[in-house]
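Please open the model in your viewer and keep the selection panel at hand. The tour below goes from one selection to the next and says what there is to see at each stop.

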Amino acid sequence: MYDLTVIIPTFNEEANIRNIVMAVDAVFYEHSLNGQILVVDDSSSDATISILHELKMQKTNLEILIRKEDHGLSQSVADGFSHASSDVFIVIDADFSHPPVLIPRMYDEIRNGHDIVIGSRYMEGGGIRKWPLKRRIISIGATFLGRLLFPDITDPVSGFFAVKKEVVEKAPLKPRGYKILLEVLGKGTWEKDKEIPFEFVDREIGASKLKINTIIDYARQVADITLYSFVNHGSAAWREWKRVFKFGIVGLLGIVVNLGVLYLLVEYGILNKDLASPLAIEFSILNNFIWNDLWTFGSAEDQKVSSRWHRFVAFNIVSVGGAAINYGIFLVLTTWFAVYYLAAQLIGILIAFVWNFLINRR
Ligand code: GDD
Ligand code: MN
């Protein structure tokens, strides 16, 4: 048994295969990792396979899986999952688009309790070098679709990731799925994910194998995962949607509280409207906090971070901008434009909502 298995899918990689195997093995050595290298090759027609057999004579931790039945990147990675001799899998391209030096960090994050660790091109610190505009646009489109399923993940279609064996062991991974990570996220059993940034560098040697009908395959894959999560309520995508839905309900309730408190304070002559408005706003913040804290983000996982009191103070700080906008618009509309005070408050709420959305999205 090894500590981890680095899975390298290959098809006609004669120019890269020796270097990538050496580089991954050097990383193992430097970090004293007992690692396995599993190359999954789709019957390359160039010298890839003979180079691999040659390498195998020096490296006992190198395993070669030559596939003959079908052809495809995702299938190859999925086959790698079931042939690996460890409980941690890391998938990496052969063409040095993904930096092997990040392997130990990904492994550490898995050991620290994360189920999936994703190398992200789209988070702060990540990036893409040397990609033509066409590929960038396709990638942004694919990422956008993927984020509909997993809003918290910046790069759900990355080809560079680590995953625990138990996440994928029983997952019904579809061989047609073009993006294996999306398939793993959609159908695997997992709770905790982590992203680490990296810069994707397009291959120096050889040609990319991306074809146009892969886009159609991808759309079908997204539809399939969507369907899967509607049926399997334990899935991660369903969990996300439930949150977005609850968050929306709490927001609507917050509007009712805000306007209701304002109405009662003013109509019963307790406060004048200019003082009642900020109090009503604070009540709605309190309402949103309580429901989101107990209900929307009520799992033990969400609540580990700090005490409830800390979270409430933090929530208020985050809400300051929106609250100021709400109140500012209320004052402007009621004093200068003589707008009915409840209408002014509602307009303030809606504009504050847009502001909050733009600012807090991340
Ligand atoms: N076994 C096998 N079968 N391997 C394949 C196949 C195949 O049909 N097609 C490609 N590969 C291998 C390549 O040899 C390389 O190691 C890796 O998979 C990536 O292939 P590239 O052709 O270099 O892909 P790319 O650079 O266009 O796409 C990469 O970027 C995507 C992110 O946008 C890949 O890493 C994708 O996995 C990644 O999602
Ligand atoms: Mn590539």
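What follows is a walk through a predicted model, from the whole chain to single residues.

**The whole chain**

Begin with everything shown as a cartoon: the chain holds 13 helices and 9 strands, and its C-alpha atoms fill a box of roughly 90 × 40 × 40 Å along the principal axes. If you switch to a surface, the accessible area comes to about 18,700 Å², with 63% of it belonging to carbon and sulfur atoms. Of the 362 residues in the chain, 45% are buried. Among contacts with a separation of 6 or more, 76% are between residues 24 or more positions apart.

**Helix 4 and what covers it**

Select residues 103-111 next, which form helix 4, and show the side chains of its buried residues, namely Ile103, Pro104, Met106, Tyr107, Glu109 and Ile110. Which elements cover these buried residues of helix 4? The cover includes helix 1 (17-30) together with strand 1 (4-10), strand 4 (88-91), strand 5 (116-120), strand 7 (161-164) and strand 8 (193-197). Just after helix 4, stop at Gly113, where phi is positive at about 110°.

Glu109 counts as buried at 12% relative accessibility, whereas Lys194, at 28%, counts as partly exposed.

**More salt bridges**

The whole structure has 15 salt bridges, and two further pairs are worth a selection. Show Asp79 and Arg67, whose side chains meet in a salt bridge at 2.6 Å, N to O. Asp79 lies in helix 3 (residues 73-83) and Arg67 in the loop between strand 3 (62-66) and helix 3, so the pair ties together parts 12 residues apart in sequence. Is Arg67 buried or exposed? With a relative accessibility of 7%, Arg67 counts as buried, while Asp79 counts as partly exposed at 26%.

Now move to Lys187 and Asp224, which form a salt bridge with their closest N and O atoms 2.5 Å apart. Lys187 lies in helix 7 (residues 180-187) and Asp224 in helix 8, so this pair ties together parts that are 37 residues apart in sequence. Lys187 is buried, with a relative accessible area of 5%.

**Helix 8 and its two neighbours**

Select helix 5 (residues 133-149) together with helix 8 (residues 213-231): they pack at an angle of about 5°, with axes 10 Å apart. That angle makes helix 5 roughly parallel to helix 8. The contact is made by Ile138, Ala142, Leu145, Gly146 and Leu149 of helix 5 and by Ile215, Tyr218, Val222, Ile225 and Thr226 of helix 8.

Keep helix 8 and bring in helix 9, which packs against helix 8 at an angle of about 75° with the axes 8 Å apart. Helix 8 is therefore roughly perpendicular to helix 9. Here the contact is made by Thr226, Ser229 and Phe230 of helix 8 and by Ala237, Trp238 and Trp241 of helix 9.

Follow on to helix 9 (236-267) and helix 10 (273-296), each of which supplies at least two residues of a nonpolar patch. The patch covers about 1,000 Å² of surface, and Phe245, Leu253, Phe283 and Trp291 are among its residues. Helix 10 gives the largest share, 7 residues. Ile249, which also belongs to the patch, lies in helix 9 and counts as partly exposed at 36% relative accessibility.

In the loop between helix 9 and helix 10, select Leu271, which is partly exposed with a relative accessible area of 27%. Leaving out residues up to four places away in sequence, Leu271 touches Leu265, Val266, Ala276 and Leu279.

**Two backbone details**

Most residues other than glycine have a negative phi. Select Ser32, in the loop between helix 1 and strand 2 (35-41), where phi is positive at about 50° although the residue is not a glycine. Ser32 is exposed, with a relative accessible area of 66%. End at Phe96, in the loop between strand 4 and helix 4, which has a positive phi of about 65° and counts as partly exposed at 31% relative accessibility.

Conventions: Residues are numbered from 1 along each chain as its sequence is written. Chains are lettered from A and ligands numbered from 1 in the order in which they are written. This is a predicted model: local features need pLDDT of at least 70, side-chain atom pairs count only at pLDDT 80 or more; totals for chains, interfaces and linings use all residues. Side-chain values use heavy atoms; hydrogens and water are left out. Patches are made of residues with over 30% relative accessible area and no salt bridge: like charges are joined within 9 Å, nonpolar side chains (Val, Leu, Ile, Met, Phe, Trp, Tyr) within 5 Å. Accessible areas come from the Shrake-Rupley method with a 1.4 Å probe; for residues, only the protein chains shown count as cover. A salt bridge is a side-chain nitrogen of Lys or Arg within 4 Å of a carboxyl oxygen of Asp or Glu. Helices (H or I, at least four residues) and strands (E, at least two) are DSSP runs, numbered from the N terminus. Buried means under 20% relative accessible area, exposed over 50%, partly exposed in between (1.4 Å probe, protein chains only). Contact means heavy atoms within 4.5 Å. Axes are lines fitted to C-alpha atoms, for helices over the stretch in contact, and angles run from 0 to 180 degrees between N-to-C directions. Angles under 35 degrees count as roughly parallel, over 145 as roughly antiparallel, 65 to 115 as roughly perpendicular and the rest as oblique.
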